[in-house]
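Me: Can we go through how to read aromatic rings and burial in a protein model? Please keep it short.

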Amino acid sequence: MTRRMTPGLFLAAACVLSLAVSAPAQEFGVYTRVFNLAGSQSDDLSTRKTPPKVIVRSLTLLRAGKAYDTIHAAGEVTIFEPARRRFTILNGPRRLVTEVGFDEISSSLVRAERETRNYVKQLKRKADPNSLAAIGPLEAQLDPGFRSRYEMTSSRLTLAGRHFHYRVLCTAKPNTPGIDQVAFQHALKRYLEYADWTARLNYLLHPRALFPAPRLALNQALKTRKLLPLTVELRDNSAGGFHLRAEHQYHWQLTGKDRDDIRHWESLLRTGMLKKVSFSDYRRKLIASGK
């Protein structure tokens with residue numbers, strides 16, 4: 001029942017950023033790398049004797065009101081469609097496509113949280129050392145109990161909880177010519193909506209993923225302070241826990257290849273070249289493959 005963070009999930013929890021360059025041309029991309037920092041004695045990557053391992057690379061493209069998130073190594077494209085309140089997932093190697101609505105995601109999470117709370121009650125009744133050790137991390141996933149602090153001089157937001165710790169390098173203003181404050185705030189709102197729903201989706205897709213509550217709490221802190229995350233670091237406070245960092249590079253204009261990729265993905269959906277399966281069947285196939 002205990003679920004732990006996987007690199008793929010953290011990438012979604014760390015989040016891919018979407019920014020609008022101008023009102024008429026709201027298309028852009030972000031290249032993200034996720035590093036495994038577990039066992040590192042230094043938070044400064046440049047001071048490590050051995051460079052940290054890049055465990056995930058992804059590219060997210062935003063165009064025409066949608067976000068296209070792809071990890072090429074996995075051959076999977078996740079399309080966020082807020083206007084239709086759903087995700088569409090294309091899996092190239094398996095030639096599959098599935099859809100899942102926001103309502104289905106929400107109801108599945110309610111059931112999972114209820115089952116987890118009941119499981120925690122069972123562990124408390126057992127009261128043996130192993131059971132008691134598992135209680136804290138599970139409860140922290142449902143209610144992380146974060147204390148947030150923002151250091152304006154360093155643009156660093158920290159959320160310290162009972163078992164998880166976020167440290168986020170932020171900015172409160174556009175850092176690229178041509179992006180005004182209005183466009184920046186609009187983009188921030190859209191990004192955080194995407195980040196919220198992606199955290200929820202990934203809990204359902206990945207068996208070892210964290211519940212979305214920690215990421216949702218971070219998003220709320222960013223919304224309250226109107227901050228844009230540049231790097232997102234997440235650490236499990238337990239001995240031997242995970243320690244991951246996502247770093248983003250922003251591209252304020254899509255390339256010709258980016259647009260070709262989007263047209264290709266949309267063409268696959270229109271032509272019916274992929275076999276459509278239910279979301280539950282897609283999850284079973286994904287879990288069976290160990291991804």
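**Reading the rings**

Reply: Start with a cluster: ring pairs join Phe 80, Phe 87, Phe 102, Tyr 194 and Trp 197. Keep in mind that this model is predicted.

Me: How many aromatic pairs are found in the whole structure?

Reply: The search finds nine. One of them is Phe 80 with Tyr 194, 5.2 Å centre to centre. Their planes stand 65° apart, and planes over 60 degrees apart count as edge-to-face.

Me: Which parts does the pair of Phe 80 and Tyr 194 tie together?

Reply: Phe 80 is in strand β4, and Tyr 194 is in helix α4, so the pair ties together parts 114 residues apart in sequence. Both residues are buried.

Me: Where do Phe 146 and Tyr 166 lie?

Reply: Phe 146 is in the loop between α3 and β7, and Tyr 166 is in strand β9. They form an edge-to-face pair, 5.9 Å centre to centre.

Me: Why does Tyr 166 count as buried?

Reply: Buried means under 20% relative accessible area. Tyr 166 counts as buried because its relative accessibility is 2%. Phe 146 is buried too, at 18%.

Me: Is His 165 buried or partly exposed?

Reply: His 165 is partly exposed, at 28% relative accessibility. This residue lies in strand β9. Its contacts include Phe 146, Leu 159 and Glu 233.

Me: What lies over the face of Trp 197?

Reply: Arg 200 does, at 4.4 Å from the ring centre.

Me: Which side chain does Asp 236 join in a polar contact?

Reply: The partner is Ser 238, at 2.8 Å. Asp 236 sits in strand β10 and is buried, at 7%.

How values were computed:
Residues numbered from 1 in each chain as written. Predicted model: local features only at pLDDT ≥ 70, side-chain atom pairs only at ≥ 80, totals over all residues. Heavy atoms only, no water. Helix = DSSP H or I, 4+ residues; strand = E, 2+ residues; numbered from the N terminus. Buried < 20%, exposed > 50% of the residue type's maximum accessible area, 1.4 Å probe, protein only. Polar contact = N/O pair within 3.5 Å; in protein donor to acceptor, adjacent residues only side chain to side chain. Contact = heavy atoms within 4.5 Å. Phe/Tyr/Trp six-rings, centres within 6.5 Å; stacked < 30°, edge-to-face > 60°. Lys NZ or Arg CZ within 6 Å of the ring centre and 35° of its normal. Lists of a residue's contacts leave out its neighbours within four places in sequence.
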